[in-house]
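Subject: Structure handover

Hello,

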Amino acid sequence: MTEPLAERKMQFMYALRSKGVTDKAVLTAMEKIDRGLFVKGLFADRAYEDTPLPIACGQTISQPSVVGLMTQALNVNPRDKVLEVGTGSGYQAAILSQLARRVYTVERHRRLMTEAQQIFQELDLANVTALAADGSFGLPEQAPFDRIIVTAAAEDAPGPLLAQLKVGGIMVLPVGQSDAVQSMIKVVRTDDGYDYQEIRPVRFVPLVEGMARDN
Ligand code: SAH
């Protein structure tokens, strides 16, 4: 038998803390934004487990503790304009909406983008804009950004994204040569270049160039 919802939500928050999500603002945002709204169908009753789950278009909603750790590493300030590449379910963008002034999120599957947009409307998250686009080129019309988060893995940090980061800005993304070996890295743009820091091993779906063909 499954535990009552309140119990599952408590375990959800406990899992975040025990995996190293300690930032108060991040925890508050993750307590407020109900992951249950972003997981549909077969896996809906597993929404409060600390595990990635399948969503439409063969993609995944990230593991909650990874969302928490990435968001924490991004160190978002209330005045920030943030770009997310890889809207997926919209969960990560909704968390960011609680921390930033403005969030742009781009997704190559139009269907995922539209479904996420509906949830943003239902939740009245007026500071999130979802767009159907190939995010490997960033979002030049809104650049530069204070923060950029990529939730799909490329071999390296894509050049256009590095270029669209403000000086002093932070980008967090998974990088790796294969599906099996990836690490989450944090890139800080300095006056004369970029500082790279490895955070932890992760596993994400790949960053794919071009719009999806099911659009
Ligand atoms: N942040 C999401 C996780 C989504 S998984 C969430 O909270 O649910 C990664 C997503 O990145 C997938 O939906 C995939 O379609 C998308 N993606 C992959 N390559 C992309 C690209 N070049 N541009 C935009 N989105 C991309």
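This is a predicted model: local features need pLDDT of at least 70, side-chain atom pairs count only at pLDDT 80 or more; totals for chains, interfaces and linings use all residues.

The model contains an open sheet of seven strands with mixed pairing, in the order E5-E4-E3-E6-E7-E8-E9. Its edges are strand E5 (128-132) and strand E9 (193-202), each of which pairs on one side only. From one strand to the next, the twist averages 15°.

At the E9 end, strand E8 (residues 182-190) and E9 are antiparallel and share nine bridges. Within this part of the sheet, Lys186 is found opposite Gln197 of E9.

To get from E3 to E4 the chain passes through helix H4 (residues 91-97), giving a right-handed β-α-β crossover.

E4 and E5 are likewise joined in the parallel sense, over five bridges. Glu107 has Ala132 in E5 as its bridge partner. Here the chain runs from E4 through H5 to E5, and this β-α-β crossover is right-handed.

How enclosed is E4 by the rest of the structure? Buried means under 20% relative accessible area. Five of the six residues of E4 are buried, so this strand is largely enclosed.

Helices across the sheet

- Helix H3 (residues 64-74) lies across strand E3 (81-85), strand E6 (145-150), strand E7 (165-175), E8 and E9, and runs at about 160° to E7.
- Helix H5 (residues 110-122) lies across strand E4 (102-107) and E5, at about 165° to E5.

Aromatic side chains

There are three aromatic pairs in the structure; two of them are described here. A pair of aromatic rings is described by the distance of the centres and the angle of the planes.

Phe12 and Tyr48 have ring centres 6.2 Å apart and planes at 90°. Planes over 60 degrees apart count as edge-to-face, so the Phe12 and Tyr48 pair is edge-to-face. This pair links distant parts of the chain, 36 residues apart: Phe12 belongs to helix H1 (residues 5-18), and Tyr48 to the loop between helix H2 (24-32) and strand E1 (53-54). Phe12 has a relative accessible area of 6%, so it is buried. Tyr48, with a relative accessible area of 13%, is buried.

The pair of Tyr104 and Phe145 is edge-to-face, at 6.4 Å centre to centre with 65° between the planes. Tyr104 is in strand E4 and Phe145 in strand E6, so the pair links parts of the chain that are distant, 41 residues apart. Tyr104 counts as buried because its relative accessibility is 10%. Phe145 counts as buried because its relative accessibility is 0%.

Charges over rings

Which residue lies over the face of Phe145? Lys81 does, at 5.5 Å from the ring centre. Elsewhere, Arg35 lies over the face of Tyr91, at 6.0 Å from the ring centre.

Regards

Notes:
Residues are numbered from 1 along each chain as its sequence is written. Side-chain values use heavy atoms; hydrogens and water are left out. Two strands pair if DSSP finds at least two bridges between them. Helices (H or I, at least four residues) and strands (E, at least two) are DSSP runs, numbered from the N terminus. Axes are lines fitted to C-alpha atoms, for helices over the stretch in contact, and angles run from 0 to 180 degrees between N-to-C directions. Contact means heavy atoms within 4.5 Å. Rings of Phe, Tyr and Trp (its six-membered ring) pair if their centres lie within 6.5 Å; planes under 30 degrees apart count as stacked, over 60 as edge-to-face and the rest as tilted. Buried means under 20% relative accessible area, exposed over 50%, partly exposed in between (1.4 Å probe, protein chains only). A charge sits over a ring if NZ of Lys or CZ of Arg is within 6 Å of the ring centre and within 35 degrees of the ring normal. A crossover is right-handed if, with the strands pointing away from the viewer, the path from the first strand over the helix to the second runs clockwise.
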